[in-house]
Amino acid sequence: MTTGKWPAARPRAMAWQRRRASAARFWRRYRTHRAGVLGLATLALFVLLALAAPLLVGSGVADVTDAPGSPLERPSGELPFGADRFGRNLLGLVIWGARVSLLVGLFAAVLSVAIGTVIGVTAGHFRGWYATVVMRITDWFLVMPTLVLAIALATVMSRSLLTVVVAIGVTTWPTTARLVRAQTLAVESRPYIERARALGGGHWHIMSRHVLPHVMPLVLAQTTLIISSAILAEATLAFLGLGDPTVVSWGGLLQDAREAGAVSAGHWWYLVPPGIAIALVALAFTLCGRAVESVLNPRLGVSR
Amino acid sequence: MTSDATSASVGGGTGATDGPPKDGPSATGGRVTTAYPRYVAGRVAGAAVSLLAVLVTSFFLFRLIPGDPVKFMTGGRQVSAEQLAAYREQFGLDLPLWQQFADYCGKALTGDLGTSYQFNAPVVDKITEALPNTLLLTGTAFVLYTALGIALGTRSAWRHGRLGDRFHTGLALVLYSLPSFWLGLLLIVTLSVGIGPLPGLFPTGGMESGGEEGFAYVVDVAHHLVLPVVTLVAVEYGQTLLVTRSALLDEMGGDYLTTARAKGLRDDLVRRRHAVPNALLPTVTLIFINLGRTVAGVILVETVFSWPGLGGLFYQALSVPDLPLVQGLFFVFAAAVIVMNTLADLIYPLFDPRVGR
C-alpha cells in the first residue's frame with residue numbers, strides 16, 4: 001500500500017471523502033422512498049432473526065427425536081404456529097429456515113451478478129470475436145426458460161445447498177451481463193478513458209479503475225432485485241424436492257407440509273407461515289431494489 | 001427504453017430478451033422495401049440456430065444425471081443380465097454417446113423424440129396429449145392477466161400518485177412476490193377443502209370429474225380451471241401492470257397529448273386514442289415474452305393442481321428420471337420461449353415504424 005507516501009495518500013484520501021459524501025447523498029435520497037425504507041426495515045428484522053436464531057430457538061429445533069409437540073398439532077399458547085409433521089415447533093423452524101433462505105438467496109444473487117458483471121465488462125471492453133462469442137452465449141442463456149434450466153441443473157447435480165446456489169446463479173446472470181455491457185460501452189466511449197489509455201493504462205487498469213466504479217451502482221440495484229427472485233427460486237426448488245433434504249428451509253417446510261397431507265386435511269396453519277416468510281423477504285428485496293434503482297436513475301424516480 | 005422498462009420495473013430474471021431490435025437494420029438505413037424481409041430472415045435464422053443449440057443442450061445436459069435408467073425400467077425386479085442388455089439395446093443405451101447423439105438428432109429432425117421409459121410410449125405422443133391441456137390453462141390465464149395488467153396499469157398511470165394507483169401498484173408487487181405454488185396450495189385449502197364453516201367450492205385438482213358429456217363436460221372443465229387460472233393470473237398480472245404503467249407515465253408529458261386536449265377531446269378519448277396506443281409498444285414485447293414464459297412457468301401450478309399438462313408431465317418425468325421425456329419437454333419449453341421471442345421481434349417493427357425498417 002502507498003499510504004505512507006504523501007502524493008499518493010492525498011488523492012486517495014480525497015477519493016474516500018468523495019465516496020463518503022456520495023454515499024451520504026445516496027442515503028439521503030433513499031430515505032425519501034418510504035417503500036424502500038419499509039423494505040430495508042423488514043430485511044433488517046429478518047437478518048437479525050436469522051443471526052439470532054441459535055440463541056432464540058437453538059439448533060435443536062430441527063431435531064426430529066426430541067420434538068416438543070405431537071405431529072400436526074394446532075397452534076396454541078405454547079406452540080404459536082403449531083407443530084409440523086414430526087411434532088417440531090413450527091415457529092422455531094420458520095425462524096431457523098430464514099438462515100438458509102437468506103444465505104442461498106444472497107450467495108446465488110452474488111454468484112449470478114458476479115458472472116454477469118465479469119461477462120458484461122469484458123464483453124464491453126474487448127470488442128471483436130471475444131465479445132461476439134460471449135454475447136452469443138449470453139443470448140442463448142437468455143432464451144432458456146430459467147426455471148426449467150435450474151430444475152434440470154439441480155436434478156443433474158447432487159442434493160446440496162451449493163447445488164441450489166449454482167443452479168440459480170448459473171441460470172440468472174444473462175440479464176445482468178446485458179445491462180452491464182451496455183453501461184460499459186457507454187462509459188468506454190467517454191474521453192477520459194482515452195486519456196487513461198494514452199497515459200499507458202492497461203486493460204486491467206481501465207476495467208477495474210474506470211469502468212467498474214461506474215457500473216457498480218447498476219450492479220448494486222441488480223443484486224437487490226435478483227436476491228428477491230433467487231429466494232423465490234430457492235423455495236421453488238426446495239418445494240420440488242430438489243433442495244438439500246438435511247437442512248430446514250422455507251420451501252422445504254412447504255414440501256413437508258404437502259407430503260404430510262396438510263393440503264387435503266385443511267391444515268392451513270402449517271402452510272401459511274413459511275409462505276408468508278418467503279413472500280415478505282422477496283417483497284422486501286424488491287422494494288429495496290426499486291428504491292435503489294429510482295435513486296440512481298432520477299428519471300425513473302420522477303415517473304414512479 | 002423498452003428493455004429498461006421491462007427489467008427495471010420488476011427486476012431480476014424478468015428481462016427475457018434485450019427488447020426490440022434497435023440496433024437492427026434501421027441503423028444501417030436500408031430501404032423500406034427490402035429491409036424488413038431481410039430483417040425477418042435474420043431473426044428466423046437466429047431462432048433456428050437457437051433451437052438447434054437447445055436440442056444439443058437437452059441431449060447432453062440430461063446424460064449427466066446419475067443413476068441407471070434401465071434400473072428404473074425394471075422397477076427393482078430381479079432381472080437377468082440378458083434382459084438388462086435387451087432393454088439397453090431397445091432404447092439404444094448400449095451405443096457410444098456420439099452415436100446416440102447422432103441418432104437423436106436425426107430422429108428429432110423427423111419429429112421423433114424417442115420413447116418414454118416410464119410410459120413406454122413415444123415422447124411426441126405424450127407431449128401432444130398434454131399440450132392442449134397446458135394451452136387451455138395458460139391461454140386462459142394469459143388472456144386474463146394481460147387484459148387485467150393493461151387495464152389496471154393504464155388506470156394507475158392516468159391517476160398516478162392517487163390512492164387507487166398506490167393500492168394497485170402495491171398489490172401487484174405483493175402478489176408478484178408470492179411463490180405461485182404456495183398461493184395455489186392456499187387456494188386449495190381455503191376454497192377446495194374449506195376451512196371451518198366454509199364449504200369446498202372448487203375441485204382440489206385434475207381437469208375433469210369424469211362421466212360428463214357435452215355442455216356439462218365444458219362446465220366441469222371450467223370449474224376445474226378456476227383455481228389454477230386464478231393462481232397464474234395473480235402472480236403474473238403484476239409485471240404487465242407495472243410495465244404498462246411506467247410506459248404510459250413516460251408518454252404522459254408528451255406534447256401531442258396537450259394538443260389532443262387543446263382540441264377539446266374528452267379525457268378518456270385522449271387516453272384511449274392517443275396515449276395508450278403509444279404506451280403499449282413496450283408492453284407488446286413483454287406480452288409475447290410472457291406467453292413463452294408462461295408455458296414453461298406453469299410447471300409448479302400444474303404440479304400443485306394435478307393438471308394433466310406439460311408441466312405436470314415434466315415433474316413426473318424428472319422424478320424418474322425419464323430421460324427421453326425430460327429431453328423432449330425441455331426442448332418444447334425452450335422452443336416456446338424462442339418462438340415467442342422471435343415473434344415479438346418480428347411484430348414489433350410493424351407496431352412501431354421507428355424501429356427495424
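**Interface, confidence and a helix contact**

In this predicted model, chain B places 48 of its residues in contact with 43 residues of chain A. On the side of chain B that touches chain A, the largest contribution comes from helix α9 (residues 180-194) of chain B, which supplies nine residues. Sorted by class, that side of chain B comprises 31 nonpolar residues, 14 polar residues and three charged residues.

The confidence scores should be read alongside these contacts. For the model, ipTM is 0.82 and pTM is 0.80. The average pLDDT of chain B is 77, and 81% of the residues score at least 70. Within chain B, the lowest confidence belongs to helix α1 (residues 2-10), with a mean of 37, whereas the highest belongs to α7(B), at 90. Over residues 1-31 of chain B, pLDDT remains under 50; for this stretch the model has 75 contacts beyond four places in sequence.

Helix α7 (residues 123-158) of chain B also takes part in a helix pair. Its axis and that of helix α14 (residues 310-319) of chain B come within 8 Å and cross at roughly 135 degrees. Angles over 145 degrees would count as roughly antiparallel and those of 65 to 115 as roughly perpendicular, so α7(B) and α14(B) are oblique to each other. From α7(B), the contact draws on Lys126(B), Ile127(B), Ala130(B), Leu131(B) and Thr134(B); from α14(B), Leu310(B), Gly311(B) and Leu313(B) take part. The residues of this contact comprise five nonpolar, two polar and one charged.

Terms used
Residues numbered from 1 in each chain as written. Chains lettered and ligands numbered in written order. Predicted model: local features only at pLDDT ≥ 70, side-chain atom pairs only at ≥ 80, totals over all residues. Axes fitted to C-alpha atoms, helices over the stretch in contact; angles between N-to-C directions. Helix = DSSP H or I, 4+ residues; strand = E, 2+ residues; numbered from the N terminus. Parallel < 35°, antiparallel > 145°, perpendicular 65-115°, else oblique. Contact = placed C-beta atoms within 7 Å. Nonpolar A, V, L, I, M, F, W, Y, C, P; charged D, E, K, R; others polar. pLDDT = per-residue confidence, 0-100.
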